[in-house]
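Have the model open while you read.

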Amino acid sequence: MGMVSVTKSTSSAVPFHSLGLSQIISFGLLFYVFAQLKTPLAQTTGASETQILAAVTGALTIQALLAPVIGSWSDRYGALRVMTGGFLLGGIGMAMLPLHDSLLWVWMCMLPVGLGFAMSSYEVAFIAAVQLDEAKARRNISFITFYGGVASSVTWLAVAPLLAYLGFAPTCYIIAIMLGLTGLWAAALFRKFGGGAISSGKGAGPFQMGRADTSGKAGHLHAWIRWIVRISGLFLGKHAVDYMVSAEIWRSGAGRHAGRPLWPVSGGRPDD
């Protein structure tokens with residue numbers, strides 16, 4: 001009885017709608033929102049919009065670099081608990097943005113924003129779906145993905161009027177409040193549904209590439225390449241990124257990945 005499991009849910013109780021809504025808020029208010037905030041941020045700091053987007057790229061880099069660490073946290077403490085911290089950190093970063101008018105300050109704000117986004121985005125929500133009901137995780141992940149797909153449209157419709165009528169600083173504070181409330185909501189979901197497991201005296205160990213099988217290594221490398229392409233999209237033209245995605249930039253001789261491209265541009269990633 002050395003392992004203490006905190007998973008409480010049943011398949012009928014998995015809050016996939018709540019997890020889906022969390023992705024509208026995470027992607028919308030910690031990523032897509034900068035498509036609208038870049039102009040007032042540039043005007044406030046005296047920097048160019050390109051420099052503002054470079055800072056946002058720094059936030060995405062944080063997400064990519066910390067992916068293995070956050071995966072370990074999710075396994076050890078539960079993905080919903082990790083999401084709670086992510087939304088709270090993101091809210092702190094957004095509340096900091098209007099407090100000073102320098103480009104360096106924007107970069108500093110991207111630290112909690114990037115870490116918060118990394119702790120609350122798709123990857124962690126998918127882990128939560130698996131932890132709460134592994135048997136039906138694919139179905140629940142499909143619902144979560146659908147919600148995340150409309151995040152950009154919802155964000156544009158919600159944030160544009162706020163900027164127009166209230167201005168930059170109040171909009172940032174409202175976004176911060178929404179992120180904070182979502183963090184409390186995620187904490188309530190964790191108390192109700194649980195997720196993750198902790199050993200008595202010893203938690204889940206960190207990911208070690210050397211101990212992974214071939215398919216595990218393939219998936220890990222796939223995730224890193226995917227983030228490199230996403231970051232490159234902020235600087236390169238559409239055709240260049242399409243070529244990077246569609247080209248067979250990595251092959252594996254094992255299993256279902258052998259001789260196949262990373263994922264086709266028009267058809268999505270290969271089916272699992």
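**Around threonine 145**

Leaving aside residues up to four places away in sequence, threonine 145 touches Tyr122 and Phe126. Keep in mind that this is a predicted model. Below, we start with this residue, then go through its helix and on to some others.

- Threonine 145 sits in helix α8.
- Is threonine 145 buried, exposed or partly exposed? Its relative accessible area is 36%, so it counts as partly exposed, a label for values between 20% and 50%.
- Threonine 145 and isoleucine 24 are 121 residues apart along the chain, and their C-alpha atoms are separated by 9.7 Å.

**Helix α8**

- Helix α8 takes in residues 137-149, and at 1.5 Å a residue its 13 residues should span 18 Å. The C-alpha atoms at its ends are 18 Å apart, so the model agrees with that expectation.
- Which residues of α8 are buried? They are Ala137, Asn140, Ile144, Tyr147 and Gly148.
- Those residues cover an arc of only 100° around the axis, so they lie on the same side of α8.
- On the face of α8 turned away from the buried side, you'll find the exposed residues Arg138, Phe146 and Gly149.
- As for what covers the buried residues of α8, the list includes α1 (16-32), α7 (122-132) and α9 (151-165).

**Where α4 meets α5**

- Helix α4 is residues 67-77 and helix α5 is residues 79-96; their axes come within 7 Å and cross at roughly 125°.
- On the α4 side, the contact is made by Ile70, Trp73, Ser74 and Tyr77, while α5 brings in Ala79, Arg81 and Val82.
- Sorted by class, the contact of α4 with α5 has five nonpolar residues, one polar and one charged.

**Helix α2 and what comes after**

- Helix α2 (residues 34-45) has these buried residues: Phe34, Gln36, Leu37, Lys38, Pro40, Leu41, Ala42 and Thr45.
- What covers the buried residues of α2? The cover includes α1, α3 (49-65), α5, α6 (103-120), α9 and α10 (168-193).
- Glycine 46 follows α2, and its phi is positive, near 80°.

How values were computed:
Residues numbered from 1 in each chain as written. Predicted model: local features only at pLDDT ≥ 70, side-chain atom pairs only at ≥ 80, totals over all residues. Heavy atoms only, no water. Helix = DSSP H or I, 4+ residues; strand = E, 2+ residues; numbered from the N terminus. Expected span 1.5 Å × (residues − 1). Buried < 20%, exposed > 50% of the residue type's maximum accessible area, 1.4 Å probe, protein only. Arc of directions from axis to C-beta. Contact = heavy atoms within 4.5 Å. Axes fitted to C-alpha atoms, helices over the stretch in contact; angles between N-to-C directions. Nonpolar A, V, L, I, M, F, W, Y, C, P; charged D, E, K, R; others polar.
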